[in-house]
Amino acid sequence: MALVGSVLDLIGNTPLVDVSQLSPNREVRILVKLEGHNPGGSVKDRIALSMVEEAEKEGVLTPGATLLEPSSGNTGIGLALVSRVKGYHLRVVLPSNVSVERRQALESWGAEIIESSGNEGSNGAVRMAEHLHAEHPKWVLLHQYANHANPKAHYEGTGPEIWRDCPEVTHFVAGLGTSGTLLGVGRFLKEHNSRAEVWAVEPPAGEMVDGLRSLDEGYVPPIFSDLGGAELLDRKTIVGPRASVKWTRRLAEVGIFAGLSSGAAMAGAAKCAQAISSGVIVVVCADGGWKYLSTGAWTDDIDVVTERARRTIYF
Amino acid sequence: MPVEVRLPTVLRPHSGGQTIVSAKGGTIGEVLTDLMRSYPGMAGQLLTDDGSLHRFVNVYVNDDDVRYLDQLDTKVAEGDTVSILPAVAGG
């Protein structure tokens, strides 16, 4: 692919790299899918394009429309890129405690930022966006957590790419954010190999969102419930900030410059590799390291970085 | 057998502000029941009326979500750490 008509044509078809030298089990291969290679820099370019095109098809999005989306960063950035190319205006509800680079990337592509409370995390951003949408019904809320075009992008794109490049895959490991990647890829892989396992990794974010007033303010994405996420997942494991930073650095040791959630996913893959006798694990590296340079993740003292990561949303 | 239970901020008003408490039981269900006996304020928050885990509550044994193990029947042993966290989105 040497010449393309639009930057949006570069979304998807990301590379898969063998990093088995990092595997704690010699009988288990680990391959990372580098979603940072998307033009907006993350896996979320896929769902941004898919949700926008679906809304255009349905006639919900008309030229010059304003989009509104709650996002801790990457979906907002993907939508900002797609909106810029297609001529939409975008407002992103962004928790205040994301890395400065996420904010800068959004502004570079012309998105307007509406800040939500950092100590309510993404849950607070979702609530604020829903509230704003009720006040401004003309703004189009694509709502990544409830939009079936999100898992569809992975069922039709990410999943088939993994199957094409590595049909030997036995385990799929990815971060749980909206659950779109796990639902779409997981379903595709299980349809092609019923013995494939799907492992979800999440940060202990519930520890950080001390602004929630009760457990009723917890949030399970509607797509996860709608599409039987609880039945699809085989395992869900928490990876804390220290292990995330440690594995982000280990990836860098083999030349993979990835974000902190990729480190978390790798930590989950290492745990998986230790739990099985043999297999091939495919891990999603959701973005590159560029947006986290300000956290000092690769260069500063690990205790200092871990403490910083504890206060930053990186999923 | 006593296990260590880590509580999220939202539950700490019911534990007198403690972050880590001790509870007894051989399964997650027994541990949660013992926890609610010690701290009755948590009763309505953890389990629904029919005795299943509240949908916005995630419970982990040594970092693994019990929903994908044996749910409330998941076994715990002395030295295990049980964590309770609200379900949180990302993205």
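Which residue in β2(B) does V3(B) stand opposite? The residue is A23(B).

1. Basis of the notes. This is a predicted model, in which local features need pLDDT of at least 70 and side-chain atom pairs count only at pLDDT 80 or more, while totals for chains, interfaces and linings use all residues. Residues are numbered from 1 along each chain as its sequence is written, and chains are lettered from A and ligands numbered from 1 in the order in which they are written. Helices (H or I, at least four residues) and strands (E, at least two) are DSSP runs, numbered from the N terminus.

2. Strand β1 of chain B. This strand covers residues 2-6, with V3(B) and V5(B) on its covered face. P2(B), E4(B) and R6(B) make up the uncovered face. β1(B) pairs with strand β2 (residues 20-24) of chain B in the antiparallel sense, over five bridges; two strands pair if DSSP finds at least two bridges between them. With strand β5 (residues 81-86) of chain B, β1(B) pairs in the parallel sense over three bridges. In that pairing, E4(B) stands opposite T81(B).

3. Strand β3 of chain B. Five of the five residues in β3(B), residues 57-61, are buried. A residue is buried if 20 or more other C-beta atoms lie within 10 Å of its own, exposed if 12 or fewer, and partly exposed in between, with C-beta atoms placed from the backbone. V57(B), V59(B) and V61(B) point one way from the strand, and N58(B) and Y60(B) point the other way. β3(B) and β5(B) are antiparallel partners over five bridges, and N58(B) has L85(B) as its bridge partner there.

4. The hairpin of β3(B) and β4(B). Strand β4 (residues 64-65) of chain B pairs with β3(B) in the antiparallel sense over two bridges. Y60(B) stands opposite D65(B). Two residues lie between the strands of this hairpin, and N62(B) takes a positive phi near 45°.

5. The contact of the two chains. Chain A gives 36 residues to the contact and chain B gives 22 residues; two residues are in contact if their C-beta atoms, placed from the backbone, lie within 7 Å. On the chain A side, α2, α4 (121-135), α7 (205-208) and β9 (235-238) each supply at least two residues. That side of chain A has 14 nonpolar, 14 polar and eight charged residues. Here Ala, Val, Leu, Ile, Met, Phe, Trp, Tyr, Cys and Pro count as nonpolar, Asp, Glu, Lys and Arg as charged, and the others, Gly among them, as polar.

6. Helices α2 and α3 of chain A. The axes of α2(A), residues 74-86, and α3(A), residues 100-108, come within 9 Å and cross at roughly 15°. The two helices are therefore roughly parallel. Axes are lines fitted to C-alpha atoms, for helices over the stretch in contact, and angles run from 0 to 180 degrees between N-to-C directions. Angles under 35 degrees count as roughly parallel, over 145 as roughly antiparallel, 65 to 115 as roughly perpendicular and the rest as oblique. G76(A), I77(A) and A80(A) in α2(A) meet R102(A), A105(A) and L106(A) in α3(A). By class, this contact has four nonpolar, one polar and one charged residues.

7. Helices α10 and α12 of chain A. α10(A), residues 241-253, packs on α12(A), residues 302-310, at an angle of about 120°, with the axes 9 Å apart. This angle makes α10(A) oblique to α12(A). From α10(A), the contact includes P241(A) and V245(A), and from α12(A) it includes I302(A) and A309(A). Its residues divide into five nonpolar, two polar and two charged.

8. The sheet in chain A. Four strands form an open sheet in the order β5-β4-β3-β6, with parallel pairing. β5 (112-116) and β6 (140-141) are the edge strands, each pairing on one side only. Five bridges join β4(A), residues 89-95, to β5(A), and V92(A) stands opposite I113(A).

9. Residue Q274(A). Q274(A) is found in helix α11 (residues 260-275) of chain A. Q274(A) counts as exposed because it has 11 C-beta neighbours inside 10 Å. The C-alpha atoms of Q274(A) and S23(A) are separated by 8.6 Å, although the two are 251 residues apart along the chain. Not counting residues up to four places away in sequence, Q274(A) touches P24(A) and N25(A).
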